[in-house]
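Dear colleague,

Please find below the structure that I am handing over to you.

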Amino acid sequence: MSYLRHLIFLRKNPGVVVSVGRSIAKQILLGAITQILIGFRGLIIMPLIIKSAGDSVFGSYVLISSIIILLLGTSSFGTNYNFRRDLPAANTYDDRRELLMSSISFRALTTAIFSLIIIVITPEIFAFLNQDVPFSPGLLALWLLGMTIQEIVTDYYRYTSRFGVYNLLMVGQIYLHIAAIVGLSFWWNSLSLDQLIALQAITLIVFSVPAFVWGVIRETGVSWPSTDWKKFWAGAKLGLPINGEFLVDFLVAFGDRYLIGLFLTVSAVGQYQAAYALAGLLTFFPKVISTVLTPALCKLWDTKNIYAAEQLFFQAVRFYIIIGVPFVVGTLLVGPSLIAVLTTPSIAESGRWAVALISVGIFFYGFVILISSAAFVIRHTKIIIYANIVAVTVNILLNLVFLQVYPNVSVPAAISIASYGVAFAYALSAVRATFVFTFDVSTIFCVFFASFVMAITLWFAGYSPGGIKLESELFLASKVALGAVVYFIALFFAGGLSKADLELVFSSFQRSKEIDECPPKSRQNEL
């Protein structure tokens, strides 16, 4: 399927794709702002924790956060698949309530069990890693509860296409958390691990519980779960591979942290995480696109607009390439200097190559995120877990071998390229059997040309691959902005960014047709 065919389809079917594209573009722009604000949490919190408490406390906080994320991601055991998959097409609030109640009832049970587990196993994990940073395990249960409620609430608003509320809930909690950490660090001039955990738990509950009670429940009402349990467990079978995908993906994303802690130190975990936090900014774009794209793809696919769905996905991939390639080039040249400004020169020195290597791996991971959306829509959810099983095997085996020989944080960074590269290659070949899309070769060529022009500009500005240049935050930010401006100008004149693309972006700011709301709910069966 050629790029020309996509253009022909756009011209022949403007009402199907362009109108959807403009609505999606607006949501992507709003979502991009949200994800950027979310990402800056790490860049704000990281230097505060490292400078106030040290890289050991920061490394411990990273490991504990990963444990919470693991338990949250597995607690549904796939039972929330029907809730997420069928919610976009739910026609009444009664239908939404039925989907919601069955999902909540199961999550309440698993969250209670997992809360007990986390209180017991976390101290044992730290003892195994020979780390003695003190903390209170009971606070972790409160953290897990807050994240569970937040996930249910944000899923509800996301899959009912109310991204304004979704974005507000995500950004509001994050910046309340940032404000609490900033205030505490200035008040006490130091931070403990218990304080960090408590602030995370409290801010989650402050935002998620009112939103759940006065937002979701007030809208849908409450009832005893009366779902078709046979259908419920059938949906869980479809969702379980996604759950397994998360587990495997967790090992790919966080498994190296535990191996670093085992073979190196928890301080090395903090150093590695500093590089990962900067390189991880690239995940904003595929996450934003996937968040907005998945419900739209579901609607198009379910209404048999197959080619429209494929074309929409094609444009999403093209947009990601336009953003991802210059990001990787930028981290190679400017990344170490940014880490030196945000943390300390010694941490930047230890991860001078790690940030660029990780960004290449995350570039492949971004494609996996997008392909996961397509697999979700076409109900081929096993594709991603198979890809990630191979990836996690490569990741763990290579780290087990090479971390002992070369005890440096750049080793797991380089291995991430192989891990995510394998996952991307398999997922791409598997999804294409049902969901057809291509890569625009001309755009890729233009992107590489524009990235080269940007690299030359940064080189003359005094930056070199893996080099650290100590200068003020404002001066560094101005040079990064200069590189970005040069890139987009070069891309435009090279033909990689067309006038149609610019018109689509600008039109997204205009008032668009609001998404149809569900009809008034029936209250006859409410309790």
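**Salt bridges**

Asp440 and Arg318 form a salt bridge, with their closest N and O atoms 3.7 Å apart. The term salt bridge is used here for a side-chain nitrogen of Lys or Arg within 4 Å of a carboxyl oxygen of Asp or Glu. This pair links distant parts of the chain, 122 residues apart: Asp440 lies in the loop between helix H16 (410-431) and helix H17 (441-460), and Arg318 lies in helix H12 (residues 306-342). Both Asp440 and Arg318 are buried; buried means under 20% relative accessible area, exposed over 50%, and partly exposed in between, with a 1.4 Å probe and protein chains only.

The structure holds two salt bridges. In the other, the side chains of Arg352 and Glu349 meet at 2.6 Å, N to O. Arg352 counts as partly exposed because its relative accessibility is 22%. Glu349 also counts as partly exposed, at 43% relative accessibility. As a general point, side chains of opposite charge can pair when their charged atoms come close.

**Basis of the model**

Please note that this is a predicted model, in which local features need pLDDT of at least 70 and side-chain atom pairs count only at pLDDT 80 or more, while totals for chains, interfaces and linings use all residues. Residues are numbered from 1 along each chain as its sequence is written, and side-chain values use heavy atoms, with hydrogens and water left out.

**The protein as a whole**

The protein has 19 helices and zero strands; these are DSSP runs numbered from the N terminus (helices: H or I, at least four residues; strands: E, at least two). Of its 527 residues, 56% are buried. Among contacts (heavy atoms within 4.5 Å) with a separation of 6 or more, 84% are between residues 24 or more positions apart.

**The surface**

The protein exposes about 22,600 Å², of which carbon and sulfur atoms supply 70%; accessible areas come from the Shrake-Rupley method with a 1.4 Å probe, and for residues only the protein chains shown count as cover.

Leu262, Phe263, Leu397, Leu400, Val401, Phe402, Val405 and Tyr406 make a nonpolar surface patch of about 710 Å². Helix H9 (229-263) and helix H15 (382-405) are the elements that give two or more residues to this patch. H15 supplies the largest share, five residues. Leu262, found in helix H9, is partly exposed, with a relative accessible area of 39%. Patches are made of residues with over 30% relative accessible area and no salt bridge, where like charges are joined within 9 Å and nonpolar side chains (Val, Leu, Ile, Met, Phe, Trp, Tyr) within 5 Å.

Yours sincerely
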